[in-house]
Amino acid sequence: GAVDEAGYMAPFSSRGPVSADGSGRVKPDVVAPGVEVLSAFPDGTYEYSDGTSMAGPHVVGAVALLWSAVPRLVGDIDATERILTENATVPTQGFRDDTCDEPATIPNNTFGYGLVNAYIAVARALAENGG
């Protein structure tokens with residue numbers, strides 16, 4: 001999912017539950033900055049863009065940092081996902097969405113487990129793995 005600088009859910013960010021396959025899974029898993037993100041554009045230019053496609057690289061970057069710090073996690077998707085979700089910043093008053101039925105329930109279908117927090121995730125992974 002995508003949030004803006006003030007912690008508001010982006011209106012374009014999908015919310016759960018998943019209905020396409022009938023599973024009812026909670027989605028998103030986590031959120032990241034996705035509104036007015038400075039992005040590289042053609043011809044060596046930069047522009048501000050919105051989209052979950054702007055939030056995705058924040059999550060990928062967190063995974064890259066995690067795998068760089070703890071190489072044994074490389075390719076271990078389950079452990080990586082667990083570390084990222086368990087160490088996400090839990091939504092508080094800074095995360096806002098009027099459509100969230102139970103914002104205190106974690107995970108929920110608006111923010112998932114919360115905002116990706118690469119620093120805490122890497123610190124926890126290092127602590128768990130003797131780093």
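**Group meeting: a walk through the model**

Let's start on the surface. Leu38, Tyr46 and Tyr48 make up a nonpolar patch there, with about 400 Å² of accessible area together. A patch takes residues with over 30% relative accessible area and no salt bridge; nonpolar side chains (Val, Leu, Ile, Met, Phe, Trp, Tyr) are joined within 5 Å, and like charges within 9 Å. Areas are Shrake-Rupley with a 1.4 Å probe, and for residues only the protein chains shown count as cover.

Ground rules next. This is a predicted model, where local features need pLDDT of at least 70 and side-chain atom pairs count only at pLDDT 80 or more, while totals for chains, interfaces and linings use all residues. Residues are numbered from 1 along each chain as its sequence is written, and side-chain values use heavy atoms, with hydrogens and water left out.

Tyrosine 48 sits in strand S4, residues 45-49. Tyrosine 48 is exposed, at 53% relative accessible area. The cut-offs: buried is under 20%, exposed is over 50%, partly exposed is in between, with a 1.4 Å probe and protein chains only.

Now the overall layout. The protein chain has three helices and four strands. Along the sequence the pattern reads β-β-β-β-α-α-α. Elements are DSSP runs numbered from the N terminus: helices are H or I with at least four residues, strands are E with at least two. Of the 131 residues in the protein chain, 34% are buried.

How do the helices H1 and H2 pack? H1 is residues 52-69 and H2 is residues 77-86; their angle is about 110 degrees, and their axes are 11 Å apart. That makes H1 roughly perpendicular to H2. Their crossing is right-handed.

H3 is residues 118-128. The axes of H2 and H3 come within 9 Å and cross at roughly 125 degrees. H2 and H3 are therefore oblique to each other. The crossing of H2 and H3 is right-handed.

Conventions for those numbers. Axes are lines fitted to C-alpha atoms, for helices over the stretch in contact, and angles run from 0 to 180 degrees between N-to-C directions. Under 35 degrees counts as roughly parallel, over 145 as roughly antiparallel, 65 to 115 as roughly perpendicular, and the rest as oblique. Right-handed means the near helix is turned clockwise from the far one by less than a right angle; anticlockwise is left-handed.

Between H1 and H2 there is a loop, and leucine 73 is in that loop. Leucine 73 counts as buried, at 1% relative accessibility. Leucine 73 and asparagine 129 are 56 residues apart in sequence, yet 9.7 Å apart C-alpha to C-alpha.

On to charges. How many salt bridges does the structure hold? Four. The criterion is a side-chain nitrogen of Lys or Arg within 4 Å of a carboxyl oxygen of Asp or Glu.

Arginine 25 pairs with aspartate 21 at 2.6 Å, N to O. Arginine 25 is partly exposed at 40%, and aspartate 21 is partly exposed at 48%.

Aspartate 29 pairs with lysine 27, with the closest N and O atoms 3.0 Å apart. Aspartate 29 is partly exposed at 27%; lysine 27 is partly exposed at 26%.

Arginine 82 meets glutamate 86 at 3.1 Å, N to O. Why are these two about one helical turn apart? Because they are four residues apart in helix H2. Salt bridges that share partners join Arg82, Glu86 and Glu128 into one network.

Last, the backbone. Most residues other than glycine have a negative phi, and most peptide bonds are trans. Now the exceptions here.

Lysine 27 comes up again: a cis peptide bond joins lysine 27 to proline 28, with omega about 0 degrees. The bond from glycine 16 to proline 17 is cis as well, omega near 0 degrees. Proline 17 is in the loop between strand S1 (2-3) and S2. Proline 28 is in the loop between S1 and S2.

Glutamate 36 has a positive phi, near 55 degrees. Glutamate 36 is in the loop between S2 and S3. Valine 35 is in the loop between S2 (32-33) and S3 (37-41). Valine 35 is partly exposed at 23%.

Aspartate 43 has a positive phi too, about 65 degrees. Aspartate 43 is in the loop between S3 and S4, and is exposed at 79%.
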